[in-house]
Amino acid sequence: MSGPDAETQMQFLFALRSRGVTDSAVLEAMEAVDRGLFLRGFFSERAYEDVPLPIACGQTISQPSVVGLMTQALQLSPRDTVLEVGTGSGYQAAILAKLARRVYTVDRHAQLVREARQVFQKLRLANVTSIVGDGSHGMREQAPFDRIIVTAAAEDPPGPLLAQLKPGGIMVVPVGQSDAVQTLIRVRKTETGLEYDELRPVRFVPLLEGLGKDT
Ligand code: SAH
């Protein structure tokens, strides 16, 4: 529970930098948030390796360098309101909470939301609101958002999410067939339309419809 020792922390940050996470605010946020708190049992020993790991409900906590690259791609400002679809362990949401004004995060598994909330409380992250629901429809009551991050793979960027993005807003989403390698896409909403940027290949669990069985 005491976090990584200094050498482990240094190696963790070195791995992030060598995989392209160079934004100093993002690196600081990742230094401040102990990934070990978001893992249980056996897997928490591997918290500082740059690998995805299993969490409850058959889901995964993303690879730290992918979390860093996605966060970096969002180009967050401290004034931003962010929507995350796919709370999972809550790790990505905690990083976002260090960099944005307000974070809304939604997951279709109630158990994951419950466990993530406990970690947010432990870390005293008062600016994260976590909700159980199908995030592919976004969050109409809280919209529009400055930034949206989807941490599950969709076949296309979901229309309701694009609609809930402010003009000037940015959405980052893995796009592709569920089990294959997907492409991480950045969408910018401009005054005249949507601009798409392909960032890199990634592999995420699929964005599914409806609520999880435990819910
Ligand atoms: N961001 C997470 C990793 C997410 S794994 C982390 O930092 O740990 C992907 C998550 O997306 C899973 O928890 C899964 O339950 C969730 N998910 C899949 N489809 C969803 C949907 N339609 N709405 C909300 N969450 C969804």
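**The ligand site and some local geometry**

Let me begin with the site itself: the space that the ligand takes is the largest pocket, a pocket being, on a 1 Å grid over the protein atoms alone, an open set of points with protein on both sides within 12 Å along at least five of seven lines, and a molecule sitting in one if more than half of its atoms lie within 2 Å of its grid points. Please bear in mind that this is a predicted model, in which local features need pLDDT of at least 70 and side-chain atom pairs count only at pLDDT 80 or more, while totals for chains, interfaces and linings use all residues. Residues are numbered from 1 along each chain as its sequence is written, and side-chain values use heavy atoms, with hydrogens and water left out.

There are 27 residues around the ligand, and those that come nearest are S89, D107, D134, G135 and L208, where near requires a heavy atom within 4 Å. By class, this shell holds 9 nonpolar, 14 polar and 4 charged residues, with Gly counted as polar. The elements β2 (60-61), α4 (91-99) and β4 (102-107) each supply at least two shell residues; helices (H or I, at least four residues) and strands (E, at least two) are DSSP runs.

Turning to polar contacts, that is, pairs of N or O atoms within 3.5 Å, the side chain of S89 places an N or O atom 2.6 Å from a ligand oxygen, whereas Q92 uses a backbone N or O atom, 3.0 Å from an oxygen of the ligand. L208 also contributes a backbone N or O atom, 2.6 Å from a ligand nitrogen. Of the 580 Å² that the ligand exposes when taken alone, the protein buries 99%, by the Shrake-Rupley method with a 1.4 Å probe.

Elsewhere, the whole structure contains 4 aromatic pairs, meaning ring centres within 6.5 Å. One of them, F38 with Y91, is edge-to-face (planes over 60 degrees apart), at 5.6 Å between centres and 65° between planes.

Finally, A143 and P144 are joined by a cis peptide bond, with omega about 0°, and P144 lies in the loop between β5 (128-132) and β6 (145-150).

How values were computed: A polar contact is a pair of N or O atoms within 3.5 Å; within protein, one must be able to donate a hydrogen and the other to accept it, and residues adjacent in sequence count only if both atoms are side-chain atoms. On a 1 Å grid over the protein atoms alone, a cavity is a set of points where a 1.4 Å probe fits but cannot get out, and a pocket is an open set with protein on both sides within 12 Å along at least five of seven lines; lining residues have an atom within 4 Å of a point. Rings of Phe, Tyr and Trp (its six-membered ring) pair if their centres lie within 6.5 Å; planes under 30 degrees apart count as stacked, over 60 as edge-to-face and the rest as tilted.
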